[in-house]
Amino acid sequence: MSDDNQITLTINDQKVVVDKGTSIIEAAKQSGIEVPHFCYHKRLSTPANCRMCLVEIKGAPKAMPSCYTMVGQDMEVYTNSELAQNSQKGVMELMLINHPLDCPICDQAGECDLQDMAVSYGSDRTHFKEEKRAVPDKNLGPLIRTVMTRCIHCTRCIRFATEVAGVPEMCATGRGENMQVGTYVEKALESELSGNMIDLCPVGALCSKPYAFTARPWELEHTDSVDVMDGIGSNIRIFHRGGKVMRIDPVECEDINEEWISDTARFSYDGLNRSRLTTPLRRKGKSLEACGWPQAFDAIKKAAGKASKPDAIAGLAGDMFSAEDLYSFNAFMKTTLKTDNVDARTDGSTMTGKHRCKYVFNSGIKGIDKADFILIVGANPRLEAPVLNARIRKNVLSKRLQVAVVGAPCDLTYPTMHSENTAIILDQIASGEHPFAKQLEDAKNPMIIVGAAATLARKDAPQIMYRLYTIADQYRVVNKDWHGFNVLQQKPGRIAALDLAVYPEEKGKDTAGILKALADKKIELLVLYGESDIPPESLKGAKTTIFIGSHLSPYAEVADIILPAAAYTEKTALWMNTEGRAQESKKAVAPPMQAKEDWKIFRALSAEIADPLPFDTQSQLRALIVKRAPVFENLNTFVPPKWESFGLAGHILDNAFEQPVRSFYKTNEIMRASQVMTECQDLADARADVNAKQRKVG
Amino acid sequence: MSVKQLHTLSVEDKIFKNLDGSDDWHIKGYEKRGGYKGLDKILKTAPKDIIEQLKASALRGRGGAGFPTGMKWSFMPPVEEKPNYLVVNADESEPGTCKDRDILLYDPHTLVEGIIIGCHSLGAKTCYVYVRGEYIDEADHLQKAIDEAYEAGFLGKNILKTKVDVDIHVHTGAGAYICGEETALLESLEGKKGQPRMKPPFPAGAGLYGCPTTINNVETVAQVPPILKKGVKWWTQFGRPNNHGTKIFSISGAVNKPCNVEAPMSIPLKTLIEEHAGGVIGGWDNLLAVIPGGSSTPMLSAIQADTILMDFDALREVGTGLGTAAVIVMNKETDILAVMTRISRFYKHESCGQCTPCREGVGWVWRMMERLSHGDGEIEELDQLFKVTKKVEGHTICAFADGAMWPVQGVLKHFRPLFEAEINKAKKKSKQNNTAKSA
Ligand code: SF4
Ligand code: SF4
């Protein structure tokens, strides 16, 4: 049976059938044959410059680079013939002559491609008697430590910065043996994805600065988990030693993060060990003092008993919570404390969990690969989901995906068309007046990406959503084979909160109502679960305020009782990403000292105050969660929800969309506690100042 | 087939009649020497026919590789969405080579006329001439010649009412040898770092800015008009089959009269040196070796030099090449180890650095040459050196690395005893020193 798109060849006399257009190196990989390489990377362009992957092709006059050479019908390839082996050995020797071989003091040692390849394909001695080259190190900012003498000039970092991150700041200057890899101008990289260059660098030239000299890879244990620094749920591997998180790397996941993660996901982990709440605290006059769990519970029980009526009790939840956290908090508020004054939408959004299609990324992140036109409404994907933005960029560059933006001005690293920044543009698109309408119409797979942060908290959000629904309907953004209506959630807990109805379900007060009641001194017991967008000043006024969270926060000043909870690396839990895909994070380390996993806190507290909540184990809790929202049942699968109408007819306000993210490196309490993120934010702010000044001068 | 063995060309037969700069290089002088005559007729000839004539003439590229020009031009696709480009490589940097320099300086209109015809034949409306950065006067003359041609109506829109449009842009390099490699030249022209590209795609498919592009050497392009005007027959009377035509030889080194001279192809090397360059200093018997085609071509021994014919095929048969036809003559007074070490240093300096073997290898080879040519090392290291050249050769993106290794391989092959003598001498000296010290 012959298929036009299949090619049959032999590699080391083994018959291999692969798709047309496959490179020899990939074909070899598919059949389990490893070809040594350095510069080749499947997600970057192929310069074929390291020359390590040379193989013999029968009939070719010399050894050919297997990364660049495509398979051909009946080709006979040898990766281990004398010619191939001599080529590989020779290149390896040349690669090493100027490499410092300082493995004993190199952070890469133990997970270094050059070490591995040298052992497998190199020679055990060199003939090099001249002096080795030394290269001055470069300063790439607070995240990446450079030892440029180790650089083997594979140009992966340059290609990543130019092709994926879209910040063409890395380069090779000089030529021949004087070629140096670095930035054109010495400065920190202006990318939210720069840490990925550390993974890409096959040697120890680019290493993590915060991780430098803190551990050896063979001492580390690792746990695969899910990142929650933004809403896409990048797959990560948490490396830890002795109960401390030492490093975070990405795990390949084609559907979500390919193999990249943002710098916030990678480098904010020092925030897990700083400003942590490690014991329950109780207010004594102006100060807070440590107390035991029983004392804290007792105080809460008393405060709850004193509350005159359920309506005098209220609870607000932040955005860093898993399904277990949210479900147990919701149940604690609504069942134990019997109040409906509960809200996890502290940004003021009034959207509910009805019609799931209106708050998730319906096409799936992978859907971006199919889109040919994207209308971005009130979002800045570069800052709200950098990895997702890189995916858009990839498609813009490779197949002329076009992107239009209605929203605050932003540089997304690829060409975009910007309309005036006001929401009423949507009216014009709906009526067909605006040029974007034509583009939506002409596109085969049009996509809309709505930024939750800048859109859904607006007063006219229901009207905007209605208009977007009309647009989607009218321009076939949603049709039989294509579901291109997407909401981008930056907040990792928001979708689960909507799925699990962590908002008033009967006549209770929502965030605005609670804040008003607080101001009117009508709230007697306030439960603050985690930090949120609300400034602490607005949270004053309750007789008793309880704060439950992982980090010491500004909310401590209004709190009377504080309970220490777990951070995302410290609990096995379900997270709903922006696509509405459930994923499980795994407990890598234990919560610090007296801190406890959140659901256990609510379960224990409920038993103190009234009947215990109906779950004793996490699996019982999971069963309840699935019962309430069946979407949590199937992990890691993505099922687009049914397309239903949503929104409210009415006028859209002639208001601009706000910048969805003000401080990229400071979007949650972990990042705020992180020193590394603070440094990054300071740099970003300084840069913004300079840019603003330049704009003024210009 | 009887091959007329011409050794000198009559003024009539010379293509570069003002190569020595004795006459006026401006348009007036060029027209007086017969230039631009019959151009309109050629521009009315169908490109297809022009290419056929070039194929019949067996004109081969004069830049080094010797690829048949007619065939190269036939690879260009018809103009569709994207424009076709002609790019002229005037980044003449191969040590020993200075022929394009004199063309640009003293007969720039030969190139301009060649470009007009070239563009017409290739369906290109635009030509870029990439001139070596150090060629300041040369670029200036070329630009003046272009301006004159515009003024005379030989360039611009609807040239000589033939509906042919041609524009020429002169672009100067920044002093990198590697930009003479055609794809590195394109990169540089596009404003990027001059580094050779991987092939495929070949420039004829996706060259400058991703458009179909033909890249030719200055001399090649300038030779096209006379071939078309005087006919294939005239052209093929010079040189052996498959090597026809005239060629500029740049003769330098240990000769009495170093020069650029246009001579028939397949001229015996001995005749070339003796008749045109005033002979070897100290006489033919004082000859040590000859580099026949620019520094990257392996050298010929004196014995080989005695009988060799200067054309592509003859030189290839003896393991070297015609290259740019830059003949570097070395006599017995030449310190050949020093010369080859210097050439090695040149390549170390000029590698673009993207391929591992080249980036690391050329420096290693030069350092070994530096040491061993002074006797600092062991005799076994000579074998080592040869092995290193073999680890580099054939393992890189472009032919630069091969060209950097061949001269070293050549000197090891022909003059190994000289290295050994140096090493032994140094050993003896250090022994003496040691005994002197201990005494
Ligand atoms: S720094 Fe690392 S990734 Fe960048 S070129 Fe050097 S070896 Fe490659
Ligand atoms: S062989 Fe040398 S000059 Fe050519 S591309 Fe490779 S490194 Fe550059």
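1. A quick word on terms before we start: the domain bounds used here come from an automatic or database domain assignment. Please also keep in mind that this is a predicted model.

2. Let's begin at ligand 2. Its shell draws at least three residues from each of two parts of chain B, namely domain 1 (9-236) and domain 3 (336-431). In total, 15 residues surround the ligand, and the closest are B:Cys352, B:Cys355, B:Cys358, B:Thr396 and B:Cys398.

3. Helix 15 (356-372) and helix 17 (400-438) of chain B each give at least two residues to the shell around ligand 2. By class, this shell has 9 nonpolar, 5 polar and 1 charged residues.

4. Over in chain A, have a look at helix 8 (residues 323-336) and helix 17 (residues 598-609), whose axes come within 8 Å and cross at roughly 15 degrees. The two helices of chain A are therefore roughly parallel to each other, and helix 8 passes helix 17 in a left-handed crossing. Residues making this contact include A:Phe329 and A:Phe332 of helix 8 and A:Trp599, A:Phe602 and A:Arg603 of helix 17. The contact between these helices of chain A comprises 6 nonpolar, 3 polar and 4 charged residues.

5. Finally, the chains themselves: 25 residues from chain A and 25 residues from chain B take part in the contact. On the side of chain A that touches chain B, helix 2 (residues 82-97) of chain A provides the largest share, 7 residues. That side of chain A divides into 12 nonpolar, 7 polar and 6 charged residues.

Methods
Residues are numbered from 1 along each chain as its sequence is written. Chains are lettered from A and ligands numbered from 1 in the order in which they are written. This is a predicted model: local features need pLDDT of at least 70, side-chain atom pairs count only at pLDDT 80 or more; totals for chains, interfaces and linings use all residues. A residue is near a molecule or strand if its C-beta atom, placed from the backbone, lies within 6 Å of it. Helices (H or I, at least four residues) and strands (E, at least two) are DSSP runs, numbered from the N terminus. Ala, Val, Leu, Ile, Met, Phe, Trp, Tyr, Cys and Pro count as nonpolar, Asp, Glu, Lys and Arg as charged, and the others, Gly among them, as polar. Axes are lines fitted to C-alpha atoms, for helices over the stretch in contact, and angles run from 0 to 180 degrees between N-to-C directions. Angles under 35 degrees count as roughly parallel, over 145 as roughly antiparallel, 65 to 115 as roughly perpendicular and the rest as oblique. A crossing is left-handed if the near helix is turned anticlockwise from the far one by less than a right angle, and right-handed if clockwise. Two residues are in contact if their C-beta atoms, placed from the backbone, lie within 7 Å.
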